[in-house]
Amino acid sequence: MNSNFKYSWEEAVQWLRNQPEKQELVQHCYYDDPLESAAERFSQSEEWTALIQLLKPKIPGKVLDIGAGRGISSYAFTKAGCSVTALEPDSSDLVGADAIHRLSKNTDLSIQVVQDWGETLPFTDNCFDIVYGRAVLHHAKDLKQLCKEAARVLKPGGYFIATREHIISRKEDLQQFLDSHPLHHLYGGENAYLLEEYKDAISSAELQIIRSFAPLESVINYAPMSQAEYQNLVKSSLSKFCGVTLGTKLSEFNILQDFYGWYVSQKLNSPGRLYSFLAVKR
């Protein structure tokens, strides 16, 4: 716990859960109970469906879920037939290793839980098909070391995927992001990096980046907005230029949806916007 802040991570999440006006955010973060229902909701989400499509060549396989938190992703990977190891340093029954143990027991799904840090993985070389982290890299104590360790434990040809990572355009933007985060003022554990810093950390670990997904290029990033809501956003924008009839028709084409997501994402400059990265071990 950071001595400059009065809450632990568990206490900060519990505080959030106790705020009546924050219940929608609690659900969007999968912090709601029962945990089994939250995990199942994630496994049925469009974010997970898009993710599993990217990882399809390696599913089912042996998965390391770094910074597994409550275990929602570990649960989804296990349901998909994978052999899953959940790495989570926090022992918390709400947002840590004890929560994953409980989830595994209550759902009768086998999830191996290891309490350790991503920078010091207690595994042999070349043993996982997938190393995955959801909103994990921006919490790294040493970003390059974490990526190096992820690459070390991956099998050759294995996938490294980091989703929903906070991006800033300039170092000066970091404080603006921290001030806007709903929990940082309580526990002090948030961070964000430049896009180049993420890419350099991944590439320097001898991982080849296959795709980088900007904020509106995948539902993996723009969730909890649904794909239908995203298409309506595209339709609304195109209708302003082409008229409602043509704009509606054009918005149905995936190629135009993809172009819109790419184009608008290049214009975005909001501190803390989300990117995802898929890489393969050379």
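1. Let me start with the surface. The accessible surface of the chain comes to about 13500 Å², and 51% of that belongs to carbon and sulfur atoms. Areas here follow the Shrake-Rupley method with a 1.4 Å probe, and for residues only the protein chains shown count as cover.

2. A word on the basis of these remarks. This is a predicted model, in which local features need pLDDT of at least 70 and side-chain atom pairs count only at pLDDT 80 or more, while totals for chains, interfaces and linings use all residues. Residues are numbered from 1 along each chain as its sequence is written, and side-chain values use heavy atoms, with hydrogens and water left out.

3. Next, the overall fold. The chain holds 14 helices and eight strands; these are DSSP runs numbered from the N terminus, helices being H or I of at least four residues and strands E of at least two. The C-alpha trace spans about 55 × 45 × 40 Å along its principal axes. The radius of gyration is 19 Å, which agrees with the value near 19 Å for a compact globule of 282 residues; it is taken over C-alpha atoms, and the globule rule is 2.2 Å times the number of residues to the power 0.38.

4. Among contacts between residues at least 6 apart in sequence, 73% join residues at least 24 apart, a contact being heavy atoms within 4.5 Å.

5. Helix 12 deserves a look. Its 16 residues, 227-242, reach 22 Å from the first C-alpha to the last, close to the 22 Å expected at 1.5 Å a residue; the expected span is 1.5 Å times one less than the number of residues. Y230, V234, S237, L238 and S239 are buried in this helix, and their cover includes helix 11 (219-222), helix 13 (244-250) and helix 14 (254-267). After helix 12 comes G243, with a positive phi near 90°.

6. P224 and H28 are 196 residues apart in sequence, yet 6.4 Å apart in space, C-alpha to C-alpha. Beyond neighbours within four places in sequence, P224 is in contact with H28 and E229.

7. Finally, please check S265 in helix 14. S265 is buried, at a relative accessible area of 1%. Neighbours within four places in sequence aside, S265 is in contact with A214, P215, L216 and E217.

Terms used
Buried < 20%, exposed > 50% of the residue type's maximum accessible area, 1.4 Å probe, protein only.
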